[in-house]
Amino acid sequence: MSIASSVRNLHKRSPKLGKAVSLVTAAGVITRSSFRASVPLWVMGATKVITGSQTADDQVIKITNRWIGSNNDMIDTMLPDRDWRISLPDDVHSEGKYLLISNHQSWVDTSIVQYISAKRLPLTRFFTKFELIYIPVVGQAFYFLDFPMMRRHSKEAVAKNPALKGKDIIEAKRACALLKNKPFTLLNYLEGTRFTAAKHDKQQSPYRHLLKPRAGGLALAINALGENIDGILDMTIVYPDGVPTYSDLWKGNIKRLGVDVRHIKIPKDLFDKVESGSYEEDEAIKTQLFDWLDDAWQQKDKLISKMLTEFADDSTAK
């Protein structure tokens, strides 16, 4: 009997024990794989930074993919009886260069992106705070993998030192530029934060399932990488049984999941203007980009309703 079958049977016989076993086992394997990856990642990452070696950079990617792969294996092995409905375009590939936009509900979202991307999309990066570099192993991995790490300056800091104005944007563009000559998936959660009912009400969001999208990060990425990207992908993710915590993932509580990834196109004229940097200077361009995003978000809102309805109908039919 396989490990996956044993775990499935344990979950059926004793759900509480099954969840505990899945969580403890996953935590142990992830911790072990993180430590095993840390030394070669540090060696190759430092070599890359010091020498600029392409070989070292390639090794950093390979080490990270193996690290992520071990986590993905745990999902397949330790999480039984899943109804995960995942749809990706047939024409995406692991050597491509993509911007990926998505709704955002849980810390689990990024693990799901890594899972569905395996051998289908390039390694996923996302904008992150520079301060995360001090987190052992993970923070340095972000740096070595050329995650766009932003140093944000508060309004108070800019007021005290006007020279800081715009420095975060310049740094973010420089960081994005590091991805130009390699495959990448650059993830941007356009809502800027995880969805909650309280945030939705506070915003008076016009969408049923979404917060209002923000255009700045997408505009920055297009400006820095526009001519290098193969396309923009739009990911819609739903959790029919409620938004999970990170521990829910490894306990096997996420029985049902829907992920839809599809191509999305910005009108070429608008794309060209954003790529040229006009977004920062031209209010008309900002309005056009917000209008395009509003339309995309309305379509996403309808898609989320459709996906949830399909899950509900299937449950009723059973």
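A word on burial comes first: a residue is called buried when its relative accessible area is under 20%, exposed when that area is over 50%, and partly exposed in between, using a 1.4 Å probe and protein chains only. Please keep in mind that this is a predicted model, in which local features need pLDDT of at least 70, side-chain atom pairs count only at pLDDT 80 or more, and totals for chains, interfaces and linings use all residues. Residues are numbered from 1 along each chain as its sequence is written, and side-chain values use heavy atoms, with hydrogens and water left out.

Let us begin with salt bridges, where a side-chain nitrogen of Lys or Arg lies within 4 Å of a carboxyl oxygen of Asp or Glu. The whole structure holds 13 salt bridges. One of them joins the side chains of Arg85 and Asp83, at 3.0 Å from N to O. Asp83 has 22% relative accessibility and so counts as partly exposed; Arg85, at 28%, is partly exposed too.

Now turn to Lys182 and Asp146, whose side chains form a salt bridge with an N to O distance of 2.5 Å. Lys182 sits in the loop between helix 7 (167-177) and strand 6 (184-189), and Asp146 in the loop between helix 5 (138-144) and strand 5 (149-150), so this pair ties together parts that are 36 residues apart in sequence. Helices (H or I, at least four residues) and strands (E, at least two) are DSSP runs, numbered from the N terminus. Lys182 is buried, at 12% relative accessible area, and Asp146 is buried at 8%.

Another salt bridge, also 2.5 Å from N to O, links Lys300 and Asp234. Because Lys300 belongs to helix 12 (residues 283-317) and Asp234 to strand 7 (residues 231-238), the pair connects parts that are 66 residues apart in sequence. Both Lys300 and Asp234 are buried. Elsewhere, salt bridges with shared partners gather Lys48, Asp57, Asp146 and Lys182 into one network.

Finally, look at two helices. The axes of helix 1 (residues 3-13) and helix 3 (residues 54-78), which are lines fitted to C-alpha atoms over the stretch in contact, come within 8 Å and cross at roughly 55°. With contact meaning heavy atoms within 4.5 Å, Ile3, Ala4, Val7 and His11 of helix 1 meet Asp76, Thr77 and Met78 of helix 3. These contact residues divide into four nonpolar, two polar and one charged; Ala, Val, Leu, Ile, Met, Phe, Trp, Tyr, Cys and Pro count as nonpolar, Asp, Glu, Lys and Arg as charged, and the others, Gly among them, as polar.

Definitions and conventions. Axes fitted to C-alpha atoms, helices over the stretch in contact; angles between N-to-C directions.
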